[in-house]
Amino acid sequence: MFPSRFRIAMLSACLLAAPALASSHGGDELLRLAPLSLAELLAIPVVTASRQQENRARTPAHIIVVTREQIRERRYRNLADLLEDLPGVDFMRGTKSSAYNYFSIQGHAGSTKLLILLDGIRIGHPAGGNIPVAENYALYHAKQVEVLYGPAAALYGADAVAAVINIVTERASAGEGWVSVGGGAFGTREVSFTAGTGSNGPAALRIGGHWQRSDRAPLDAYYPAEFPRVDARRFDGTVAVPAAARESYAGDIGSHSVQARLDLNEHIDLGYYRNEFHSLTSTGDPPRTALYLPEARWQTRIETAYGKARFRPFEGAEVELVVDYSLLRVAPNSRYVNIFTGFEPGYAHVRSERLGIEQNLNWRIDQRHRVQAGLGYQEIHAIEASDLPRPYDTGRGPGEQGMTYRNTNLPMTIHDARYHNLSLYAQLHTQWRETFSTMVGARLDRHSDYGDSFNPRLGAVWQPVPGHLLKLLYGEAFRAPSPEESLNSFGTFDGSVDAGGKFIGRGFRVPNFHIEPENTRTLSVTWDWRPRADLHVMVNGYHSDTENLILTLPAPAAAVDSIPGATLVAPEHKDNAGKAAQNGVDLIGQWRFHIGDDWSGDVWGSYGWVSGWIDEGNGVRWDLPYLAARKFKLGTTVRYRDRLTVTPRVYWIGDTTNGRKLNAAAPPQRRETPGYRVTNLHVGWHQAFDRRATLWLDVYNLFDERYHVAHGSGSRTFFDMPQQPRSWQLSLEIPF
Amino acid sequence: MLLSLYYASAHAQSAAVPEYGLKAVLLHKLPEFVYLERKPGNLPVALCVLGANPFGDALDRLTREAGDKPARTLRQITGTHQAGGCDVVFIERGESDRVEGILQRLANRGVLTVSDIAGFARLGGMVELTVGGERAGIGIVINRKAARAQGIDFNAQLLRLATLIEP
């Protein structure tokens with residue numbers, strides 16, 4: 001996944017710099033365009049008599065653009081596949097109970113620091129919490145995926161801390177469609193399709209969707225040492241399920257999504273997107289901690305509907321009005337069955353909805369200056385509850401559920417919150433010279449709960465000599481506290497009471513309605529070098545530091561009595577404390593080659609180094625968790641005409657810090673999950689069956705390695721999470 | 001917000017290329033993605049430009065120096081009566097008033113027709129190169145039905161990148 005547009009920009013820059021070009025099309029330079037792929041050629045902007053030349057106001061940000069051909073040939077079937085292959089990303093599959101996968105992008109851990117957009121519309125958590133980024137974000141509809149590294153809060157507001165990913169879909173007027181049907185090892189089944197009505201008529205509709213199920217491998221058969229049949233014991237030592245009666249491991253996942261886009265004309269788009277994912281809530285938990293029951297699963301659905309209208313108020317300006325509504329629901333029957341729930345069902349309920357309206361202006365003032373500015377307003381409502389003794393009744397409000405804490409007669413309080421945010425941003429691009437441009441921007445967010453957040457963004461792009469670009473970016477960003485952090489409350493009552501007759505609660509986390517956002521500052525330098533038309537090298541160095549970290553901390557003394565009729569022992573809550581910092585470098589390369597007349601291919605790869613620390617508010621620095629200091633990713637696609645593609649991908653991931661401290665009294669080292677090397681292979685037979693279909697064979701973990709990824713901060717989870725053995729899938733893709 | 005990312009990631013960072021320079025490269029490359037039934041083996045592919053040549057010397061230089069195999073030959077023709085031996089005919093915009101007649105006369109010759117005349121594909125042309133609309137670059141519109149009627153088809157990569165219409 002390499003920034004085709006960067007490469008195009010480099011070549012384009014060469015073209016523009018050639019004085020003879022305007023009259024003769026710069027023949028030598030055009031010859032350098034010839035090796036580009038068709039997709040890359042079609043992405044190059046052109047100068048026409050009717051359009052002003054897009055000068056060289058390149059963004060200072062580090063961007064990677066993944067084209068549809070790359071998505072297809074490299075078999076990025078979903079966002080998880082793509083993220084895993086991106087430079088600077090540590091990706092840990094199948095570790096989290098509700099989010100399923102976990103990842104760090106240039107040292108920023110978790111999905112709450114990644115902004116996911118579909119055609120510029122937020123399709124992540126409406127209120128900024130953790131979500132599964134897995135098979136649910138399938139890429140059947142993607143024309144390309146743009147990955148903007150680094151802080152972009154000055155444009156996008158909260159949570160654009162580590163990166164922004166924009167999935168760009170095909171316009172509805174593109175009529176061609178296809179359907180794909182696949183199946184494979186461990187009960188894997190998958191169907192996806194996309195189709196458009198074409199451009200006839202005043203409106204055009206494009207729809208697509210996917211459905212996927214997989215039983216996944218029975219990990220207890222492949223990692224017997226990690227999955228012994230043991231008693232499931234409660235905290236008080238009593239046995240809930242004896243070893244002899246323990247169940248086999250079951251870790252099935254399933255997902256589906258639907259996307260629809262209606263283009264009424266060139267000025268109005270309407271869209272709808274939904275995805276859903278379910279997985280085992282005990283993902284990442286060892287057998288002494290959890291029961292692997294099929295019904296003990298977490299099921300998240302995210303829906304987004306939007307409308308966009310564009311118009312040109314005056315020459316050089318375009319205004320876009322965007323209205324969007326987003327809803328996240330965790331199914332009321334989602335439940336944990338683990339030691340924290342006494343091995344009884346502990347239900348959860350999460351609902352977040354967001355209604356937003358934004359007006360954005362893009363105004364080219366003159367040849368040198370361009371302004372982007374916008375005004376937005378968002379309203380958010382969130383409910384967050386867990387450890388419920390029965391499923392949440394969605395027909396009643398949070399205060400009408402009438403539940404009591406398990407093993408008590410104490411009424412349970414379920415919290416919800418409503419808040420709003422007003423935002424204003426502006427950004428000025430200035431092209432000082434042909435070879436030098438700057439960008440200055442800032443955004444102010446006024447939040448009804450935590451007040452104002454001001455985030456500047458400054459950058460410069462300099463081309464010292466043709467073929468080389470240097471980019472400098474400084475930006476600030478903030479991560480808003482999520483409802484899970486501010487509202488959620490959970491803990492255990494075993495029925496015991498103290499001398500005063502109050503129930504004793506243990507392991508409680510209580511709400512905190514006064515959490516402030518985390519603030520991150522990042523400085524990034526990118527060297528972009530294109531020595532030849534078929535070779536591209538990038539080096540991106542970065543430094544980030546974060547303050548006001550949201551951590552789990554001892555709650556104030558008053559929290560002991562926060563549940564009437566109970567005494568909570570050492571309750572905790574989420575609050576701001578401490579700071580973290582990281583430095584890193586990503587070296588990225590891509591080479592395109594031809595062998596004879598019939599063979600061609602791409603080689604791409606990245607080497608990443610990162611180092612960081614976290615101070616949890618006590619002045620003691622520990623290594624950042626969930627980071628491999630060194631990681632090397634390499635892939636190649638080899639094509640034989642248009643008939644065959646073979647794409648092996650190899651990841652060498654170094655030892656990775658996990659959540660456990662090596663010695664609590666001897667910072668800074670954390671325990672490390674051993675590194676691994678894993679290879680995936682993707683083979684495509686194209687033009688099969690009357691030149692129409694493509695048959696894909698995907699083999700994951702080709703050499704059947706047994707390896708682990710980093711996990712766990714508590715003693716009741718795996719620190720090293722076993723990963724899937726070799727698996728395969730065969731898919732048939734038929735255009736229509 | 002979409003504008004912001006678009007400008008951050010796409011339009012703003014990519015400098016532009018002259019329209020006909022890029023169209024020359026695309027036209028030169030097009031035969032790689034087309035199954036021309038009458039052009040087996042490695043015989044040169046004959047590119048013909050019908051009308052005034054809008055490409056300057058760009059297409060000529062690409063034909064001579066790009067080193068593609070099979071090779072390309074280039075001819076400029078003034079009418080369909082000179083189209084014998086052409087595998088690909090690019091119909092220049094100046095021929096827009098006569099384009100329907102040109103397409104009729106090229107029918108049944110197994111020739112790939114290409115043009116940047118607006119609405120070319122809807123008029124029965126096979127490949128239309130477009131500029132403008134949502135994209136900053138060049139778009140490809142394909143009338144697959146018209147091509148198949150001449151025994152011509154397109155490979156999957158091109159079909160995925162193009163907009164297909166069925167007038």
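**Close-up 1. The contacts of A:P60 in a predicted model.** Welcome to the first view of this predicted model. Find A:P60 and look at what surrounds it: leaving out residues up to four places away in sequence, A:P60 touches A:M439, A:G459, A:A460, A:V461, A:K471, A:L472 and A:L473. Where along chain A does A:P60 sit? Its place is in the loop between β1 (46-47) and β2 (63-67). Is A:P60 buried or exposed? With a relative accessible area of 2%, A:P60 is buried, because buried means under 20%. For a sense of scale, A:P60 and A:L730 lie 41 Å apart in space, C-alpha to C-alpha, and 670 residues apart in sequence.

**Close-up 2. The largest nonpolar core, with 45 residues.** Which residues touch the most other members of this core? They are B:L112, B:V114, B:V127, B:I142, B:F154 and B:L158. Helix α2 (residues 19-29) of chain B gives the core its largest share, six residues. Another core, of 40 residues, lies apart from this one, and its members include A:V66, A:Y76, A:L86 and A:L328. Now zoom in on B:L112: beyond its neighbours within four places in sequence, B:L112 is in contact with residues including B:L30, B:V34, B:L36, B:V89, B:M126, B:V127 and B:F154.

**Close-up 3. A:Y405 and its aromatic partners, A:F493 and A:F508.** Over all chains, the count comes to 22 aromatic pairs. In one of them, the ring centres of A:Y405 and A:F493 are 5.4 Å apart; their planes meet at 65 degrees, so the pair is edge-to-face. Which parts of the chain does this pair link? A:Y405 belongs to the loop between β21 (369-388) and β22 (415-433), while A:F493 is in strand β26 (residues 490-497), 88 residues away. A:Y405 also pairs edge-to-face with A:F508, at 6.2 Å centre to centre and 75 degrees between the planes. A:F508 sits in strand β27 (residues 503-510), 103 residues from A:Y405 in the chain.

**Close-up 4. An aromatic cluster in chain A.** Which residues make up this cluster? Look for A:F227, A:Y249, A:Y292 and A:F718, which form it together.

**Close-up 5. Charges over the rings of A:W604 and A:W613.** A:R74 lies over the face of A:W604, 3.6 Å from the ring centre. At A:W613, the charged end of A:R621 sits over the ring, 3.6 Å from its centre.

Definitions and conventions: Residues numbered from 1 in each chain as written. Chains lettered and ligands numbered in written order. Predicted model: local features only at pLDDT ≥ 70, side-chain atom pairs only at ≥ 80, totals over all residues. Heavy atoms only, no water. Helix = DSSP H or I, 4+ residues; strand = E, 2+ residues; numbered from the N terminus. Buried < 20%, exposed > 50% of the residue type's maximum accessible area, 1.4 Å probe, protein only. Contact = heavy atoms within 4.5 Å. Core = buried A, V, L, I, M, F, W, Y, C linked by side-chain atoms within 4.5 Å. Phe/Tyr/Trp six-rings, centres within 6.5 Å; stacked < 30°, edge-to-face > 60°. Lys NZ or Arg CZ within 6 Å of the ring centre and 35° of its normal.
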